[in-house]
Amino acid sequence: MYSTYFLIFIVFFLGFAAWLLFVWAVKSGQFEDPEAPKYRMLDDDDDDDDDDDDDEKSKESRSSNKNK
């Protein structure tokens, strides 16, 4: 009989802990926008392309300076 009360106590304790974890997640904004991450990977990063162009231009200017 003691084990039954112990198991009931453990179940209530784990349920309460899960509820507190859920409340914390909601208040911290974990469920605010679940749709955005799957579309974020499809966005183009123009900044990365500009960096590559700048590197190529600087390489070209260095090579043209060496030729002079």
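Entry 1, burial and model. I looked up burial and found that buried residues (under 20% relative accessible area, with exposed meaning over 50% and partly exposed in between, for a 1.4 Å probe and protein chains only) make up 1% of the 68 residues in the chain. I noted that this is a predicted model, in which local features need pLDDT of at least 70 and side-chain atom pairs count only at pLDDT 80 or more, while totals for chains, interfaces and linings use all residues. Residues are numbered from 1 along each chain as its sequence is written, and side-chain values use heavy atoms, with hydrogens and water left out.

I recorded an accessible surface of about 6,800 Å² for the chain, with 58% of it belonging to carbon and sulfur atoms. Such areas come from the Shrake-Rupley method with a 1.4 Å probe, and for residues only the protein chains shown count as cover.

Helices (H or I, at least four residues) and strands (E, at least two) are DSSP runs, numbered from the N terminus.

I looked up pLDDT, the predictor's confidence in each residue, from 0 to 100. The chain averages 80, and 68% of the residues score at least 70. Which element has the lowest mean pLDDT? I found that helix 3 (residues 46-67) has the lowest, 59, and helix 1 the highest, 97. Where pLDDT is low, the predicted coordinates should not be read in detail.

I noted 26 residues in helix 1 and a reach of 38 Å from its first C-alpha to its last, close to the 38 Å expected at 1.5 Å a residue. The expected span is 1.5 Å times one less than the number of residues. G29 follows helix 1 and has a positive phi, near 90°.

Entry 6, aromatic pairs. How many aromatic pairs does a search of the whole structure find? The search finds three aromatic pairs. The rings of F9 and F13 are stacked, because their centres are 6.5 Å apart and their planes stand at 20°. Rings of Phe, Tyr and Trp (its six-membered ring) pair if their centres lie within 6.5 Å; planes under 30 degrees apart count as stacked, over 60 as edge-to-face and the rest as tilted. F9 and F13 both lie in helix 1 (residues 2-27), four residues apart, about one turn of the helix. I also listed F22 and F31 as a tilted pair, 5.9 Å centre to centre with 45° between the planes. F22 is partly exposed at 47%, whereas F31 is exposed at 52%.

I found one salt bridge (a side-chain nitrogen of Lys or Arg within 4 Å of a carboxyl oxygen of Asp or Glu) in the structure. The side chains of K38 and E35 form this bridge, at 3.0 Å from N to O.
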